[in-house]
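Subject: Structure for you to look at

Hi,

Here is the structure I said I would pass on. Have a look at it first, and then read on for what turned up.

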Amino acid sequence: MSQYQHTGLAAGRWAEMSLAEQMLNIGSEVSRANRWKSKGNLEQCHRAADRALELLSLTIDAQRGKHDLGEFCRLYEIMADYYYGTNNYQTDPAKLQHSFDIFYHAKQPIQQ
C-alpha cells in the first residue's frame with residue numbers, strides 16, 4: 001500500500017488513540033472483510049482487508065517502543081494470509097474477529 005486510505009489517521013491522529021481504540025477500529029474493518037468474504041464478494045472483502053491491514057500497520061508504528069511488536073506483526077501475517085493467501089494458518093474468521101472484540105471491554109467503565 002503506497003498511499004494511505006486513512007490519511008488523517010496516518011498523519012498522527014492514530015497514534016493519539018489508545019491501543020483499545022485502535023484495535024476496535026481494526027476489528028470493524030475485519031468484520032466487514034469477513035462479512036464480504038462469507039458472501040463471496042472478494043472485491044469488497046479485499047477493500048476492507050486493505051483498510052484493516054493499513055490500520056494494523058499504523059498500530060505497529062504507533063506502538064513501537066511501548067509494546068513487544070511480535071504479536072502485532074504475527075497478526076498482520078495471519079490476516080494477510082487469510083484474506084490474500086492460501087490460509088496456511090487455518091484461520092477461523094470468528095476467532096480472528098474475537099482477537100479484536102475483546103478490546104471492547106477495555107473501553108467500558110467498570111460497573112460497581
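One cut-off before we start: a residue counts as exposed when its relative accessible area is over 50%, as buried when that area is under 20%, and as partly exposed in between. Please also keep in mind that this is a predicted model.

With that cut-off, Gln90 is exposed, because its relative accessible area is 68%. You will find Gln90 in the loop between α4 and α5. Its backbone is worth a look too: Gln90 is not a glycine, yet its phi is positive, at about 50 degrees. For context, most residues other than glycine have a negative phi.

Asn87 sits in the loop between α4 and α5 as well. Here phi is near 55 degrees, again a positive value in a residue other than glycine. Is Asn87 buried, partly exposed or exposed? Asn87 is partly exposed, because its relative accessible area is 22%, and the in-between class starts where buried, under 20%, ends.

Helix α4 covers residues 70-84, which makes 15 residues. From its first C-alpha to its last, α4 reaches 21 Å, close to the 21 Å expected at 1.5 Å a residue.

Which residues of α4 are buried? They are Phe72, Leu75, Met79, Asp81, Tyr82 and Tyr83. In general, residues three or four places apart on an α-helix point the same way, because there are 3.6 residues a turn. The cover over the buried residues of α4 includes α2 (19-38), α3 (42-63) and α5 (93-101).

On the α4 side, Leu75, Met79, Tyr82 and Tyr83 take part, and they meet Pro93, Leu96 and Phe100 in α5. The residues of this contact are seven nonpolar, with no polar and no charged ones.

Last, the cysteines. How many disulfides does the structure hold? The count is zero. Cys45 is buried, because its relative accessibility is 0%, whereas Cys73 is partly exposed, because its value is 38%.

Cheers

Notes: Residues are numbered from 1 along each chain as its sequence is written. This is a predicted model: local features need pLDDT of at least 70, side-chain atom pairs count only at pLDDT 80 or more; totals for chains, interfaces and linings use all residues. Side-chain values use heavy atoms; hydrogens and water are left out. A disulfide is a pair of cysteine sulfur atoms within 2.5 Å. Buried means under 20% relative accessible area, exposed over 50%, partly exposed in between (1.4 Å probe, protein chains only). Helices (H or I, at least four residues) and strands (E, at least two) are DSSP runs, numbered from the N terminus. The expected span of a helix is 1.5 Å times one less than its number of residues. Contact means heavy atoms within 4.5 Å. Ala, Val, Leu, Ile, Met, Phe, Trp, Tyr, Cys and Pro count as nonpolar, Asp, Glu, Lys and Arg as charged, and the others, Gly among them, as polar.
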